[in-house]
Amino acid sequence: MVNKVEIENLIKKRLELHQDDPRISLVWKELTKVLSVSEEDTIIYFKTCPPEQLYWISEVFEDVSENLKSTKFIKCIRKLGEQYKSLNLSLDIEYAEKSLEK
């Protein structure tokens, strides 16, 4: 099961950082690690994830996709992109799709 509290804490850390702060990459690494443990658990979590959290998580879609190497994951985030068009996740989804080619 995905640790929701850990994800929330990582998102809070991310929100506290300036967009040019190099520590963002550390938060991204931790978030990627948590979301890469289990494809199934991550997909289940995404289905119930609040949109505002999903927006920040989308920053690591590419890295999670590279770790999971899963078309099922890609299908899930595509569906989320369609469901939450206002979040404009298309670029992050595109990068996640390309990571499967690596």
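Trainee: What radius of gyration does the chain have with its 102 residues?
Mentor: This is a predicted model, in which local features need pLDDT of at least 70 and side-chain atom pairs count only at pLDDT 80 or more, while totals for chains, interfaces and linings use all residues. Residues are numbered from 1 along each chain as its sequence is written, and side-chain values use heavy atoms, leaving out hydrogens and water. The radius of gyration is taken over C-alpha atoms, and the globule rule is 2.2 Å times the number of residues to the power 0.38. For 102 residues this rule puts a compact globule near 13 Å, and the chain agrees, having 13 Å.

Trainee: How many helices does the secondary structure of the chain come to?
Mentor: Helices (H or I, at least four residues) and strands (E, at least two) are DSSP runs, numbered from the N terminus. Along the sequence, the pattern reads α-α-α-α-α-α-α. There are 0 strands, and the number of helices is 7.

Trainee: Which share of the 102 residues of the chain counts as buried?
Mentor: Buried means under 20% relative accessible area, exposed means over 50%, and partly exposed lies in between (1.4 Å probe, protein chains only). The C-alpha trace spans about 30 × 30 × 25 Å along its principal axes. Within the chain, the share of buried residues is 40%.

Trainee: Is Arg 14 buried or exposed?
Mentor: Arg 14 belongs to helix α1 (residues 4-16). Contact means heavy atoms within 4.5 Å; neighbours within four places in sequence aside, Arg 14 is in contact with Ile 24, Val 27, Trp 28, Trp 56 and Glu 59. Its relative accessibility is 10%, so Arg 14 counts as buried.

Trainee: Are α6 and α7 roughly parallel or roughly antiparallel to each other?
Mentor: Axes are lines fitted to C-alpha atoms, for helices over the stretch in contact, and angles run from 0 to 180 degrees between N-to-C directions. Angles under 35 degrees count as roughly parallel, over 145 as roughly antiparallel, 65 to 115 as roughly perpendicular and the rest as oblique. Helix α6 (residues 71-83) and helix α7 (residues 90-99) have axes 10 Å apart and pack at an angle of about 165 degrees. The two helices are therefore roughly antiparallel.

Trainee: How many nonpolar residues does the contact of α6 with α7 have?
Mentor: Ile 74, Ile 77, Arg 78 and Gly 81 of α6 make this contact with Ile 93, Ala 96 and Glu 97 of α7. Ala, Val, Leu, Ile, Met, Phe, Trp, Tyr, Cys and Pro count as nonpolar, Asp, Glu, Lys and Arg as charged, and the others, Gly among them, as polar. Beside 1 polar and 2 charged residues, the number of nonpolar residues is 4.

Trainee: Is the crossing in which α5 passes α7 right-handed or left-handed?
Mentor: The axes of helix α5 (residues 61-68) and α7 come within 8 Å and cross at roughly 25 degrees, which makes the pair roughly parallel. A crossing is left-handed if the near helix is turned anticlockwise from the far one by less than a right angle, and right-handed if clockwise. α5 passes α7 in a crossing that is right-handed.

Trainee: Where is Lys 69 found?
Mentor: Most residues other than glycine have a negative phi. Lys 69 has a positive phi, near 50 degrees. With 54% relative accessibility, Lys 69 counts as exposed. This residue is found in the loop between α5 and α6.
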